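Colleague: Before I set up any calculations on this model, could you take me through its pockets, its backbone and its charged pairs, one question at a time?

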Amino acid sequence: MASNGPENVQPQPAVHIAHPHEFKTEFHPRSGREPLLQAFEEFGVTSETLKEPPADEAPWRPFRSRGDFEFSEIALEAALNQGQVDKLLSLIARIAQGDTHITLKNEADLRMALDNAAAELTPFTKHDITVPYKKEQRVFEVYARPIWDWALDLLDNPLLAPHFVWDAQRVYKHNGTNFERFFSEPWTADRWWDIQSHLPADLNGAPLCFILYADKTKLSTHGTVKGYPVMVRCANLPVHIRNGEGIGGGRVVGWLPIRVVWHESFVKILLNLEQYSRTGYSYMCYDKIMRWLFPVILILSADYEEQCMMSLICGVQCKRPCPVCLVPLNELSDLSKTFAIRTAKDAQDALVVYRRSKTQGEELLKSLGLRAVENVLWLVKHSDPHDALSLDRLHTVHGGLGGKHLLEELKTIISNLGREEMESVEKQVAEFPRWRDLNHFATVIHITFTDGNKKRDLVLVSTHNLSSYLLD
């Protein structure tokens, strides 16, 4: 059969076409290296032996171990302070020794554990409070949990049960001649004794006393946003428990956005206290005695500004600016006189007159230095706010007269003594013996505190070491 193509065509060998060197690299003459010519496929290709650097067998150096490095990294990212670092390292050491163990595996486990723990205690509830503010009705969010529910948490705690004190006491110390009374705990004072004396004797009544503290605080780093936390402590527990940070210590029971909602919001905090302050609450105590507990607001702790709100007086420029007594404004400096004590009944009677006749009521309220507002604390029996208030030593003495005025005068005196005497006083302060519950200082001149207790101690130490100069 005929074919149109060539017969027996043999395959041709592949022809290698040499590519010219497309890249040339010249090195500095001092390198002693010849120019390098490379094809496209060769340029920029790293030798197999140079592709990966050798692995660092201890990349955590200079840390002594990988664990030290990872812990340090976490501590820095979380911005842990010294106390938190020490606690966490102590926990890790106890885990390593087998003294304890952790079952939490992640953040979800932690959140679930916290939620379960919170469910065991009285939660906060949000309330919308409507009040007139700047000529209009405004709604404010208030977070609160009833004091009574918090108190039940304490009563149900078996670890606290042995520490509750229910009965008033009068304690004395012999001074070599006779017994002299002294006061240590709230139940050793007269007010507790008087309250218990007015409770139903047939019910074996006992006061369940609360200490309330309120003060404004900054909510932002610039101090432009403020709030008013309300704290409560149980006065039936010893001071080392109620003032501690553990179980039985003080707790926040309310968070107020502004002061004008103070009394409206406190109704939520005092829920059930009004009822039980009149009827009592039966409770089997640790000593196996059935008592009827009557809640009482025993102490209101606050600075003068907050005391004015608690007692509803008009403030420092009103005719009677004391929240406890009826001293006139122009006689505040006369310490030779005594004046009648304020009572809730007087304020209630004045408010009755105000409702009957606004003109007469305003005149009466003005003469008493009171506001035309019902005090929420009147709801709780045996809780007259004027009895519960007292001189605020922290702000008036330690942070005011002593820490602000006297301390500054002492610093001025020290500065005027001359360099040699000033250094001598500073040395005496630094070498002052350490005492329990007394802060120790290394200097007097170059130090500033906002803590009233530290100001108190600094005044004590400074006055002691300056006594020889002050008496000259």
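**Backbone, pockets and charged pairs**

Colleague: At 69% relative accessibility, does K288 count as buried or exposed?

Modeller: This is a predicted model, in which local features need pLDDT of at least 70 and side-chain atom pairs count only at pLDDT 80 or more, while totals for chains, interfaces and linings use all residues. Residues are numbered from 1 along each chain as its sequence is written, and side-chain values use heavy atoms, with hydrogens and water left out. Buried stands for under 20% relative accessible area, exposed for over 50% and partly exposed for what is in between, with a 1.4 Å probe and protein chains only. Because its relative accessibility is 69%, K288 counts as exposed.

Colleague: What is the phi of K288, which is not a glycine?

Modeller: Most residues other than glycine have a negative phi. K288 lies in the loop between β11 (281-284) and β12, where helices (H or I, at least four residues) and strands (E, at least two) are DSSP runs numbered from the N terminus. The phi of K288 is positive, at about 65°.

Colleague: Which loop holds D437, which has a positive phi?

Modeller: D437 is not a glycine either, and its phi is about 65°. With a relative accessible area of 67%, D437 is exposed. Its place is the loop between α14 (419-430) and α15.

Colleague: How far apart are the closest N and O atoms in the salt bridge of R436 with D437?

Modeller: Side chains of opposite charge can pair when their charged atoms come close. A salt bridge is taken here as a side-chain nitrogen of Lys or Arg within 4 Å of a carboxyl oxygen of Asp or Glu. Both R436 and D437 are exposed, and their closest N and O atoms are separated by 3.9 Å.

Colleague: How many residues separate E185 from R242, which meet in a salt bridge?

Modeller: The side chains of E185 and R242 come to 2.8 Å, N to O. E185 sits in the loop between β6 (179-182) and α5, whereas R242 belongs to helix α6, and the pair links distant parts of the chain.

Colleague: How many salt bridges does the structure hold in total?

Modeller: One of them joins D457 and R456 at 2.9 Å, N to O. D457 is buried at 2% relative accessibility, whereas R456 is partly exposed at 28%. Elsewhere, salt bridges with shared partners connect D167, D287 and R291 in one network. The total for the structure is 14.

Colleague: Which element gives the most residues to the lining of the largest pocket?

Modeller: A pocket is an open set of points on a 1 Å grid over the protein atoms alone, where a 1.4 Å probe fits and protein lies on both sides within 12 Å along at least five of seven lines, and lining residues have an atom within 4 Å of a point. The largest pocket holds about 1,500 Å³, and among its 39 lining residues N243, S301, D392, R393 and L394 are closest to the centre. Elements that each supply at least two lining residues include β12 (290-301) and α15 (452-470). The most, five residues, comes from α13.

Colleague: What is the volume of the second largest pocket?

Modeller: A volume is the space filled by probe spheres set on the grid points, which are joined across faces, edges and corners. This second pocket is lined by 22 residues, with Y304, C322, P323, L332 and L391 nearest its centre, and α9 (304-311) and α13 each supply at least two of the lining residues. Its volume is about 600 Å³.

Colleague: How far apart in space are G452 and L394, C-alpha to C-alpha?

Modeller: G452 is part of helix α15 and is buried, at 10% relative accessibility. In sequence, G452 and L394 are 58 residues apart, while their C-alpha atoms are separated by 5.9 Å.

Colleague: And what is the C-alpha to C-alpha distance between S462 and E426?

Modeller: S462 also belongs to helix α15, where it counts as buried at 1% relative accessibility. S462 and E426 are 36 residues apart in sequence, and the distance in space is 9.1 Å.
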